[in-house]
Amino acid sequence: MKILLVDDEERLLSTTKKLFEKLGIEARTATSGADALEVLKTYEAHVIFLDIKMPGMDGMETLQHIKKEYPLSEVIILTGHATMETAVEGLKLGALDYLIKPVSMKDFLSKAEEAFEKVTLQKQKIHSARMAESAGQGELR
């Protein structure tokens with residue numbers, strides 16, 4: 001499982017990244033939406049934890065870019081501003097779920113595992129469809 005943590009709170013990023021890595025989970029960090037999109041160009045994150053309130057490109061705008069360019073990555077919104085409106089908007093834009101800060105490591109891990117399971121199933125379905133398609137094309141020749 002590969003995780004990308006996106007938040008403008010560097011202390012949260014540093015601590016959470018270390019905790020994931022202690023569990024044997026690869027994690028990268030980004031301090032802004034623009035940084036996150038840059039990281040994703042060379043890093044295939046399965047699960048992205050994305051803060052909503054950030055300077056510059058906010059989480060909602062970043063979420064839209066991620067779902068458009070990296071549709072197989074699952075996004076979980078992080079918000080310290082727990083409004084149902086924000087959570088519902090994020091879910092409509094393609095986020096899998098949301099967490100309200102402060103977030104325990106148990107909650108991070110639980111959501112990461114749930115999202116990774118979904119990514120894995122999607123990739124398996126795509127692989128199976130491609131195999132079936134190529135097998136079907138072989139029969140036509």
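Reader: Let me start with helix H2. What covers its buried residues?

Author: This is a predicted model, so keep that in mind as we go. The cover over the buried residues of H2 includes S1, S2, S3 and H3. The buried residues themselves are Gly33, Ala36, Leu37, Val39 and Leu40, within a helix that spans residues 33-40. They cover an arc of only 160° around the axis, so they sit on the same side of H2.

Reader: Which residues of helix H4 are buried?

Author: H4 runs over residues 84-92, and its buried residues are Thr86, Ala87 and Gly90. Looking down the axis of H4, you find these buried residues within an arc of 100°, which means they line one face of the helix. Their cover includes helix H3 (59-69), S4 and S5.

Reader: And which exposed residues does the face turned away from the buried side of H4 carry?

Author: That face has Met84, Glu85 and Lys92. Take methionine 84 in helix H4: its relative accessibility is 54%, and the cut-off for exposed is over 50%, so methionine 84 counts as exposed. From methionine 84 to isoleucine 100 there are 16 residues in sequence, and 11 Å in space from C-alpha to C-alpha.

Reader: Isoleucine 100 brings me to strands. How are the residues of strand S5 divided between a covered and an uncovered face?

Author: The general idea first: side chains in a regular strand alternate between the two faces of the sheet. In S5, residues 97-100, Asp97 and Leu99 make up the covered face, while Tyr98 and Ile100 make up the uncovered one.

Reader: In what sense do S4 and S5 pair, and over how many bridges?

Author: Strand S4 (residues 74-79) pairs with S5 in the parallel sense, over 4 bridges.

Reader: Where is threonine 79, and is it buried or exposed?

Author: Threonine 79 belongs to strand S4. With a relative accessible area of 4%, under the 20% cut-off, threonine 79 is buried. Leaving out residues up to four places away in sequence, threonine 79 touches Asp51, Ile52, Leu99, Ile100 and Lys101.

Reader: Which residues is aspartate 51 in contact with, leaving aside neighbours within four places in sequence?

Author: They are Val6, Asp7, Asp8, Gly59, Leu78, Thr79 and Lys101. Val6 takes us to another pair of strands: valine 6 has alanine 30 as its bridge partner in S2. The chain goes from S1 through helix H1 (residues 10-22) to S2, and this β-α-β crossover is right-handed. Strands S1 (residues 2-6) and S2 (residues 26-30) pair in the parallel sense over 5 bridges.

Reader: Now the whole chain. How many helices and strands does the protein have, and in what order do the elements run?

Author: There are 5 helices and 5 strands, and from the N terminus on they run β-α-β-α-β-α-β-α-β-α. Along the principal axes, the C-alpha atoms fill a box of roughly 60 × 35 × 25 Å.

Reader: What share of the residues is buried, and what about contacts and surface?

Author: Buried residues make up 39% of the 141 residues. Among contacts between residues at least 6 apart in sequence, 61% join residues at least 24 apart. The accessible surface is about 8,200 Å², and 53% of it belongs to carbon and sulfur atoms.

How values were computed:
Residues are numbered from 1 along each chain as its sequence is written. This is a predicted model: local features need pLDDT of at least 70, side-chain atom pairs count only at pLDDT 80 or more; totals for chains, interfaces and linings use all residues. Side-chain values use heavy atoms; hydrogens and water are left out. Buried means under 20% relative accessible area, exposed over 50%, partly exposed in between (1.4 Å probe, protein chains only). Helices (H or I, at least four residues) and strands (E, at least two) are DSSP runs, numbered from the N terminus. Two strands pair if DSSP finds at least two bridges between them. A crossover is right-handed if, with the strands pointing away from the viewer, the path from the first strand over the helix to the second runs clockwise. The arc is that of the directions from the helix axis to the C-beta atoms. Contact means heavy atoms within 4.5 Å. Accessible areas come from the Shrake-Rupley method with a 1.4 Å probe; for residues, only the protein chains shown count as cover.
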